[in-house]
Every structure is written in structure tokens, then in C-alpha cells.
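Hi everyone, thanks for making time. Let me put the structure up, and then I'll talk you through a few spots.

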Amino acid sequence: MIAKYNAKITGTGHFVPEKILTNADLEKMVDTSDEWIRTRTGMSVRHVASKDEAASDLSYHAALKALEAADLKPKDLDMIIVGTISGDHAFPSTACILQKKLGLRNFPAFDISAGCPGWIYAINIAKQFVENGVAQNVLVIGVEILTKITNYKDRNTCILFGDGAGASIISRKEPTDISRIIDSEITADGTHNELLIQEAGGSRMPACKESVKKNLHTLYMEGNKIFKFAVKSMYSMCDIVLKRNNLDVTSIDWLITHQANMRIIDALGRKMKIDTNKVIVNIEKYGNTSSATIPIALDEAIREGKIRKGDLVLMASFGAGLTSGSLLIRL
Ligand code: ACO
């Protein structure tokens with residue numbers, strides 16, 4: 001398809017709940033230590049939603065910040081796409097709930113279930129709607145409240161996850177503007193879908209006493225198998241977009257990868273041979289917020305003045321599915 005228009009990110013925002021869960025708190029809950037968590041993951045604290053906070057609440061606050069940064073009002077939006085695996089309900093979509101919260105109606109609003117790359121998948125889709133002229137301003141959210149489906153008796157997983165939302169506005173670009181979403185690649189390898197799964201609550205295993213008793217509504221993950229997939233898949237996704245655009249890694253100003261584990265981020269950086277000063281990391285403050293890690297890191301880096309207009313930013317993620325994706329933008 002030859003694009004009629006180009007798309008760009010015109011505004012970003014993020015929001016995390018107030019409550020903090022520290023490594024010291026986790027030491028009291030399971031057999032672990034601050035030292036183990038720091039050295040094995042790079043994490044120190046994470047934000048945790050309150051009983052009353054759901055995905056659409058975090059999304060709403062992040063969305064308002066992104067709209068303000070884009071100098072737009074909610075009424076300027078004509079599509080909402082939310083990447084999440086921990087939405088308010090199985091249905092309706094969190095995007096529809098968010099549409100109502102923003103006082104809007106009568107345009108497409110839907111969720112994408114793609115694990116941690118959910119935000120990249122959603123941007124990839126939004127880009128196409130903007131490029132073909134169907135949409136002018138799309139609100140794209142990556143949001144997760146994984147702490148509500150975390151098993152706090154399983155030390156292998158409960159130390160990893162935090163909650164948060166990252167929002168971005170994807171708009172039609174003016175011809176004179178250098179900013180642009182350049183390229184994106186998304187893929188999935190469903191043969192390994194059982195490695196990261198919430199087994200119960202769907203049509204395969206509806207909720208019942210047994211499913212609750214066996215903790216099957218919480219997240220199950222085979223961490224070390226995912227670890228190997230993570231580096232390989234993110235490297236491949238980055239390589240595809242770099243080669244397709246005749247770029248090499250030295251042209252990249254910033255790399256933002258999924259914040260799942262510091263050792264994964266380091267290993268990918270080494271494999272790509274990228275200058276470590278160009279790698280954005282905030283895992284210490286938020287843990288793994290799944291589909292929200294990249295839009296939160298992107299927003300923080302923009303607001304801190306680290307990433308500036310004109311910078312070339314490469315992003316990559318992997319997660320449940322198993323899915324992976326990359327995104328290349330000039331801010
Ligand atoms: N504290 C102390 N010891 C622990 C802890 C803990 N919190 N967790 C595990 N251990 C122990 C294990 O029991 C094991 O002990 P053993 O050798 O006596 O059996 C030992 O530490 C090593 O366990 P590993 O699982 O091999 O530890 P690893 O170094 O692989 O780290 C981790 C585990 C952090 C989960 C890592 O594998 C990882 O980050 N994997 C990727 C996770 C990820 O990115 N998931 C995908 C995204 S999430 C999403 O899509 C929703």
C-alpha cells in the first residue's frame with residue numbers, strides 16, 4: 001500500500017499509581033532478598049494499583065497528559081486503541097470504557113491483546129489508519145495492572161511486575177515536519193504460548209472453585225525460557241527495521257527496549273553493539289509494567305529533555321504469545 005499521509009507521535013504521557021512496593025516489602029512476603037532482585041532483574045521498586053484502580057483509570061490520566069502535550073482536546077480524537085492483557089473486564093474493551101471517561105462516542109475503540117508488545121502492536125495499527133487517511137488523531141495506550149493477577153506466593157514472578165499506563169497520540173504529519181513514524185515490524189510465535197499464561201478465566205477454563213483454589217487466575221511464567229526468546233526476538237525485530245531502512249545501529253540516537261529484566265536489556269545492547277549511553281532504562285523505578293514499559297520510558301525521556309525533536313528512536317518488545325515487535329521513529 002502506498003501511504004497517502006505520514007504519521008507521527010505528537011504527544012506522550014504516563015501515569016503510575018501512588019502506592020509503592022519495595023524489594024524490602026517483597027522480602028517479607030516470599031523467600032527472596034533485595035540483593036537477589038537487584039542483581040537478577042535490576043528492579044528496586046514498583047507502583048501498585050489500589051483496590052479501586054483499574055486499567056481505564058490509569059489510562060485516563062495518562063491520556064490527558066498526552067493530549068495536553070499534543071495540544072489537542074479529547075474531541076480531536078477519532079480512534080482509541082489500548083494494548084493490554086489486564087483490562088478492566090474481559091469485555092467490554094478498556095478502550096470503550098476510556099472513550100466514555102473522555103466524554104467521547106461514535107468512533108472506533110478497541111483493545112489489542114499482544115502481551116508486552118501490546119503498545120507497539122497498537123502503534124503499528126494506528127500508523128496504518130493515519131497513513132491511509134481514515135484517522136487523523138489516534139490515542140494509543142499501553143496499560144497494565146498485572147499486580148492484580150500476580151501470585152504473591154510465587155517468588156519467581158511476584159518480584160517482577162508493577163502497574164502503569166503510557167499514552168501516545170498518533171497524528172497525521174504536516175509535510176514540512178521532520179518527525180515521523182518511520183517503520184514497525186510485529187510478529188508472533190504461538191508455538192510457545194504456554195510459557196507465559198493466565199490459564200483460567202477464559203473459555204478454555206472458566207472461573208470455578210477449583211480454578212481459584214489452584215491459583216490458575218494468576219500469571220504463570222517460565223522465566224528462563226522467555227529470557228532466551230527475549231534477546232533473540234528483539235534483536236531480530238530491530239535488525240529487520242534497520243536493514244529495511246538502510247540504517248545501521250550507529251545512526252540510532254536512542255534504544256528503548258521492553259523493561260523486563262536489566263540482564264535482557266544489557267544482553268540485547270551487547271548483541272546490537274550499541275553505545276550503552278544510548279539505552280534508556282527505568283526498570284529500577286517501575287519493574288515490568290508489560291505493555292506500558294516502553295510508552296512510560298519514552299514519555300519520561302521526552303519530558304526530561306533526553307530525547308529531543310529530530311532524534312532517531314528505536315524501540316523493541318517481546319511477551320506473552322509469544323509476541324515481539326519493533327518501532328522506529330524520528331521524534
Ligand atoms: N528470590 C530468590 N531466589 C529466586 C527468586 C527470588 N525472587 N526467584 C527464583 N529464585 C531462584 C530459583 O528458585 C532458582 O533456584 P534453584 O537454582 O535452587 O532452583 C534460582 O533462583 C535461579 O532461577 P532462574 O529462574 O534460573 O533465575 P533467572 O536468573 O532466570 O531469573 C527471572 C529469573 C528474573 C524471572 C528471569 O528468568 C527473567 O527475567 N526472565 C524473563 C521474564 C520476562 O521477561 N517475561 C516476559 C515479559 S512479561 C509479560 O509478557 C507479561
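Predicted model: local features only at pLDDT ≥ 70, side-chain atom pairs only at ≥ 80, totals over all residues.

Residues are numbered from 1 along each chain as its sequence is written, and side-chain values use heavy atoms, with hydrogens and water left out.

So, cores. By that I mean buried Ala, Val, Leu, Ile, Met, Phe, Trp, Tyr and Cys residues joined through side-chain atoms within 4.5 Å; buried is under 20% relative accessible area, exposed is over 50%, and partly exposed is in between, using a 1.4 Å probe and protein chains only. The largest one has 44 residues, and L255, M272, L314 and F318 have the most contacts inside it. Helix 8 (223–244) is among the elements that supply at least two residues of this core, and its eight residues are the largest share. Helices here are DSSP runs of H or I, at least four residues, numbered from the N terminus.

Take M272: it touches Y235, C238, L242, V249, L255 and L314, leaving aside residues up to four places away in sequence. Contact means heavy atoms within 4.5 Å.

Y235 also has the charged end of K271 over its ring, 4.6 Å from the centre. That needs NZ of Lys or CZ of Arg within 6 Å of the ring centre and within 35 degrees of the ring normal. R172 likewise lies over the face of Y5, at 3.8 Å.
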